[in-house]
There are 2 protein chains.
Amino acid sequence: MTINVLGYASTSARTPLVPYNFVRRNPRVDDVVIEILYCGICHTDLHYIQNDWGRSIYPLVPGHEIIGRVISVGSDVGRFKPKDIVGVGCMIDSCQNCSSCNQGLEQYCKEVPTFTYNSIDRRDKTPTFGGYSEKIIVNEKFVLLIPKDLDPKGAAPLLCAGITTWSPLRHWKIGKGSNVGVIGLGGLGHMALKLTKALGAEVTLFTRSPGKEQNAHKLGADNVVISTNIKQMDSVNNKFDLIIDTVPYTHELNSYIPLLSVNGTLVLVGFPGNLEPTLNTTPLIMGRRSVAGSDIGGIAETQELLDFCGKHGITADIEMVKIKDVNEAYKRMLESDVKYRFVIDMSSLKDKV
Amino acid sequence: MTINVLGYASTSARTPLVPYNFVRRNPRVDDVVIEILYCGICHTDLHYIQNDWGRSIYPLVPGHEIIGRVISVGSDVGRFKPKDIVGVGCMIDSCQNCSSCNQGLEQYCKEVPTFTYNSIDRRDKTPTFGGYSEKIIVNEKFVLLIPKDLDPKGAAPLLCAGITTWSPLRHWKIGKGSNVGVIGLGGLGHMALKLTKALGAEVTLFTRSPGKEQNAHKLGADNVVISTNIKQMDSVNNKFDLIIDTVPYTHELNSYIPLLSVNGTLVLVGFPGNLEPTLNTTPLIMGRRSVAGSDIGGIAETQELLDFCGKHGITADIEMVKIKDVNEAYKRMLESDVKYRFVIDMSSLKDKV
């Protein structure tokens, strides 16, 4: 039994997303079959659609911030039952046998995780298709339980934007007494503010443009620093245990390094590529500071985040869109014209276009 | 009472070191007066002599790997007595009141430590002069005790080359089961091999030039990788918890980052400046890897290193030189023609030139 599914796909780097009928693989005994309710729009989706990283496989169905309802489960599935509200993030499988997977760091699987889309299923070698579609079939180990009290629409972005900022907060042991900086106020940045605040730390937003102060404070920012204002930057010298850099394009880092405390870390979560201008090592050496990277988070850590958000009532600030408006949503995302994440109402797939 | 001292000084960026008579400040009640026996030659000495960093103050008496014998102590000094064999490293004072100093991280003093030379004494505002001289006067808190069984000549480089590699080994918790890489086989690199091995970790030397294998193994290297050989580099992918980069000039880092394990760190200890070519962040993100810097070490940590070396019988491999040959020694150092550190026999100051 295969499953016919309607979705939206990109068919080339230069054309808009269009409706696309495709077949999902046979459910296995350890699979969960999920009706997709909502799917967040991530900047990564656009990178893949446009083939920015040169590894896109078309037709490409994006989407890895998936919230859905369980339709059925395989005979070996123990953790889920029909009607459960569940989530699927960026990964749907991994080798589950390497030192990374054994530590719950499936995102750093030595044999590379199977991604939710634009990947090849490691078991049957079929292409994977993402959440801009009616249904998805996922191994239960990579399915997350959405806490009952959490609004499922606003929970969608937790699966990528949320976990991407949560993972470094946890790895670098942020809590009460910590000082955290967040660069950029987009999908990731606004989650970083909320989560850092909820962890009890002091949090400062860095932004290039004045005018975001009020919104930043509402989201949890204790301070807002205009990064082009040298005086303001100097005033937070040596302050931060961790700076989470969510900017999705290459940008200047050297003015941020002296703002780290001794032993502090600036962690890049948004930009894979060459640092331009180049990094100067002197302030790294003079304060045992680090520049690090971090990629999404492990499955157990994602469940931890969802449970934390359930407990603290944290969801993303979202704007709902219909699937037919997805191409327009990308344009607005590029202009930062969204507060702070688009989520597609997947029932709109049934709308007559 | 001031003390007249003969030393060797640089009088400008472009002239060789010459004999130089100067006056040391009055000893204070908490000072130790030290007759200098030996002083290591560090690459930093040459940077200051040549004004490479644009902050040299002439006349400049270099030297911060100092071994000496206590001549006298102030009335408040409790830890030292005449005839003790002692060491002085890169710092002779700090604010002793900031969060860094309070953690024993005087090297990262928020008000900048007072350096052994080319600095201004923070108490009486006199210039500081280094170890290429007969005597030095140092606050007892910044004087180190040299273990009895340690050869004092070979102990001199522990005060800078030794502690500069020891501090990251300790900070990143290297021990049995760890995998450490060392880039470069000079004064710092050869100490990094010895210390890493003595800590029980596996250690790999990276070098550009074949022919160093035998010496590297003698110094403790388990493996030697020729960094220009792509096959050899690939064979150690994902291996290292820590890579200590001792190279004192700008160089390519991107081929080393994938060699770090998940959560691994490459720490720069030798090169303050702009990274050329620029760093690519992708392998940082894809393995939560870090690029860090580290600067010498704190005073308590330096004593810990000396005690460790006393226990394990570790000293630097040195070549003794007379002070009149110091300018020649710099030339040879620049050609890597030393195994692995020059140490000046300071009694040669008395030689008739």
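**Contacts between chains and between domains**

In this predicted model, 34 residues of chain A are in contact with 34 residues of chain B; contact means heavy atoms within 4.5 Å. The model is predicted, local features need pLDDT of at least 70, side-chain atom pairs count only at pLDDT 80 or more, and totals for chains, interfaces and linings use all residues. Residues are numbered from 1 along each chain as its sequence is written, chains are lettered from A and ligands numbered from 1 in the order in which they are written, and side-chain values use heavy atoms, with hydrogens and water left out.

The size of an interface is often given as the accessible area lost when the parts come together. Between chain A and chain B, the buried area is about 3,100 Å². Buried area is the accessible area (1.4 Å probe) that two parts lose on being put together, summed over both. Carbon and sulfur atoms give 58% of the area between these chains. In chain A, the residues that lose the most area to chain B are A:Y108, A:I285 and A:R288. Together they make up 23% of what that side buries.

The count of salt bridges between chain A and chain B is zero. A salt bridge is a side-chain nitrogen of Lys or Arg within 4 Å of a carboxyl oxygen of Asp or Glu. Polar contacts do link the two chains, with 20 residue pairs (both at pLDDT 80 or more). A polar contact is a pair of N or O atoms within 3.5 Å; within protein, one must be able to donate a hydrogen and the other to accept it, and residues adjacent in sequence count only if both atoms are side-chain atoms.

Four elements of chain A are named as giving two or more residues to the side that touches chain B: α4 (161-171), β14 (260-268), α8 (282-285) and β15 (290-293). Helices (H or I, at least four residues) and strands (E, at least two) are DSSP runs, numbered from the N terminus. The largest share of this side, four residues, comes from β15(A). By residue type, the side of chain A that touches chain B divides into 14 nonpolar, 15 polar and five charged. Here Ala, Val, Leu, Ile, Met, Phe, Trp, Tyr, Cys and Pro count as nonpolar, Asp, Glu, Lys and Arg as charged, and the others, Gly among them, as polar.

Two strands pair if DSSP finds at least two bridges between them. In β15(B), B:V291 is the bridge partner of A:V291.

Chain A itself is divided into domain 1 (3-160 + 297-350) and domain 2 (162-293). These bounds come from an automatic or database domain assignment. The C-alpha centres of the two domains lie 27 Å apart. Their contact takes 23 residues from domain 1 and 20 residues from domain 2. About 1,700 Å² is buried between them, 61% of it on carbon and sulfur atoms.

Two salt bridges are counted between domain 1 and domain 2 of chain A. A salt bridge joins the side chains of A:R170 and A:E304 (2.9 Å, N to O). On the domain 1 side, α1 (43-49) and α9 (299-312) of chain A each supply at least two residues. Helix α9(A) gives the most, with seven residues. The residues of this side divide into 11 nonpolar, seven polar and five charged.

Over all chains, the structure holds 36 salt bridges. One of them joins the side chains of A:D124 and A:R28 (3.3 Å, N to O). A:D124 lies in the loop between β7 and β8 (135-139) of chain A, and A:R28 in the loop between β2 (18-24) and β3 (31-40), so the pair ties together parts that are 96 residues apart in sequence.

Some backbone details remain. Most residues other than glycine have a negative phi, and most peptide bonds are trans. The peptide bond from A:E276 to A:P277 is cis, with omega near -5°. A:P277 is placed in the loop between β14 and α8 of chain A.
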